[in-house]
Amino acid sequence: MNENENNNLENETGFSGRLIVVSNRLPVSIKKETNGKWSCKMSSGGLVAALSGLKSNFIWVGWIGTEIEEEDRKEIKELLWKDYSCIPVFLSEKVANEHYNGFSNGVLWPLFHYLPGDLDYDDRIWNSYVEANEQFSSVVAEILKPNDLVWVHDYHMMLLPEILKQKKPDARIGFFLHIPFPSSEIFRVLPCRKEILLGILNCCLIGFHTYDYARHFLKSCTRIVGLETAPNGVYFKDRFVQVGVFPVGIDPDKFFESLKTTQVQNRIKELKQSFEGTRVLIGIDRLDYIKGIPQKLQAIERLFQKYPEWKGKLVLIQVAVPSRQDVEEYQKLKKEVEELVGRINGLYGSIGYSPIHYLFQSVDPSELTALYNISDAALITSIRDGMNLVAQEYIVCQTENNGVLILSEFTGAAQSLSGAVMINPWNTEEVADSIHNSLLMPPEEREEKHQMLLKYVTKHTASHWGLGFVKELNKASSNVDKMVTIQKLDIEKVVDIYKSSKHRLLIFAYDGTLIPYNNVPQLSRPSQELLNSFDILSNDPKTDVYILSGRDKKTLSEWFMGIHIGLSAEYGCFFKLPESTEWEQQVPSMDLSWKETIRPLFKYFTLRTPGSFFEEKEMLFTWHYRNADPIFGSIQARELHLHLDNLPLDVIVGDKTLGVRSYNINPLSSMKKVITDTIPKGLDLILLIGDTHIHPSELPTFDGKIYNISVGKKSVKDSYHLTDPSEVNYLLNRLENISKEESASAPDN
């Protein structure tokens, strides 16, 4: 990156480091010459055009497009780096084919374009997709420096952020999806749906073309992974992953300059002479089933049926760029399109006149610019499209005609280009009428619509898109650094402190701490291994153990029978000391008439929320909505909470639960007394593990250390965190072994 280009990027985005772009293909094609040497040339494509708007060089990592023999790899790497700042990923032919054609285009492409019936999923191609993402991440990890930004592109690379984070935890990664993200009802069909979501959630910023796509992604995170979301992001682990909308643009100047060239001007004159006295519709599409070419042709046929006056006066120039010709579905589509073209030309054509000029070929940029310019309207009938840049290219090439843009409402561009005539490509009658009306539109209206569209396209360019994303990525990754981070518990350090302590107090929450949350609370019994650990710890004279839970005293007594640990039931309403078999009620006998008010309220919300249920205990009501639809359940929980806030009761917000008890119960009073009684024994270590509803500042002071440890979901009130109950159990096993060793070395043994 030269100094001027680097300054441009820094001035626009505030980012002064290196930008590493990762995509499936490098923007370079390679060829082995007859002399045995390799040559390279820059290739075209949507992503190449969009990123060229950054007006700067950057490191580009991607696949080279073919399998390269080991002996040629060094030469190719040097050539690509020297001339193009590109770093190749070398994939075997099998992995590349199964990754690209098999999983990316055989599974993700149809599913994300709302065609789940076309899925061809199997574990073999999924494994190749994983392997390809791993190889890409290894290449990136080798070159990554501390201040770099990594920008990962599109559906081929959806696992890469997570894999790269495992190798480089401090990597600053952004991801942009260039195709639609489907609704959660479609996305949930995917067998590996959770892995895909977790893959891209390891980013600082995730970008989409439209808010609809972003909204679908956020809903999938809630419904499939159970994550809490906000309108602009996802709460994932201890971070807020920002989700943004960045509609991609084009480089209008490239087309403005092309229109001035002699070659294009001459071609425009030739085309105008060829179609003199005829109105021209233009269609430029890849021959892909998402582009709606059959729907377009059916609408043209209906136009000639309904408005026969257009016969001989209207032509459609349809360019169908070849795509994936070796795939059976695309071969069938090609045959269907050619049959429709033949039928329409046969029915409505004549000698010297064909209503459809069909070109199954790529068109060079000069020819494309000229075709855009002489057309009276562009017809885009995609049945699902991430953005569609043809619409924007057509707009900037309309320097004289003020041509009308007829645009499918199922394109991403439809949300931005409000001056277009919107159509539903499945409604043949509507499309035919829209073509007719667009061609007869008054000049003043055409000009007004065109100016509105041109103003948008010339402002929201490829440069605007690229710089905007990099700026937001730099900001989002910096904000992650500034967020209050909760330190991971150093288990080895705690073990060492535990060994040297004179007396310890271990206080655990139960659900979500010692055992994972269960959809059926009654099935959350402690394992025999867990019971054995507590039995050993409770027999250690230097260790006191307490479990604080929202469960009822009968359940806790049964589960921990014969083990000398302290228990707290119903969030502190009842308390049992380790050496006792009797439960103490923490408040004197009280009026429980409030339960008569709460019971019908909880019943009402249970009936209104499928999958929810409530438990009634002696002094506690708990409403569970873990099995309800996550979005609807959260809405209902907020509404129930509002009702409860108006009552003189204590509301306890748990993980997918709402509890309520009398307001005059202080669950801390018992633990304060325990600590006060333990201080004379030499208490010098307290471990508060899980959501115990206790903050260290609320406890009596003593001469020792307190570790406040969250499990799973982190909280700013906690000093340390563990990932899940398995890590808690590992810590328990370590502490249990110390107690065993101390017991074995005691004098009376």
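Which residue stands opposite Ile686 in strand 29? In this predicted model, Ile706 holds that place. The model is predicted, with local features requiring pLDDT of at least 70 and side-chain atom pairs pLDDT 80 or more, while totals for chains, interfaces and linings use all residues. Residues are numbered from 1 along each chain as its sequence is written, and side-chain values use heavy atoms, without hydrogens and water.

Strand 28 (residues 683-689) and strand 29 (residues 705-711) run parallel and share five bridges. Strands and helices here are DSSP runs (E, at least two residues, for strands; H or I, at least four, for helices), numbered from the N terminus. Two strands pair if DSSP finds at least two bridges between them. Strands of a sheet pair through backbone hydrogen bonds, either parallel or antiparallel.

Contact means heavy atoms within 4.5 Å. Axes are lines fitted to C-alpha atoms, for helices over the stretch in contact, and angles run from 0 to 180 degrees between N-to-C directions.

Another open sheet has nine strands in the order 5-4-1-6-7-8-11-10-9, again with mixed pairing. From one strand to the next, the twist averages 20 degrees. Strand 8 (residues 205-208) and strand 11 (residues 239-245) run parallel, joined by four bridges. There, Gly207 stands opposite Gly244 in strand 11. Helix 9 (residues 211-225) packs on this sheet, touching strand 8, strand 9, strand 10 (233-236) and strand 11.

Strand 24 (residues 613-616) pairs with strand 25 (residues 621-624) over four bridges in the antiparallel sense. Four residues join the two strands in the hairpin. Glu615 stands opposite Thr622 in strand 25.

Helices also pack on one another. Helix 10 (residues 252-260) and helix 15 (residues 390-397) meet at about 45 degrees, with axes 9 Å apart. That angle makes helix 10 oblique to helix 15. Angles under 35 degrees count as roughly parallel, over 145 as roughly antiparallel, 65 to 115 as roughly perpendicular and the rest as oblique. In this contact, Pro252, Phe255, Phe256 and Leu259 of helix 10 meet Glu393, Val396 and Cys397 of helix 15. By class, the contact has six nonpolar, no polar and one charged residues. Ala, Val, Leu, Ile, Met, Phe, Trp, Tyr, Cys and Pro count as nonpolar, Asp, Glu, Lys and Arg as charged, and the others, Gly among them, as polar.

Helix 11 (residues 262-274) and helix 14 (residues 365-374) pack at about 50 degrees, with their axes 9 Å apart. These two helices are therefore oblique to each other.
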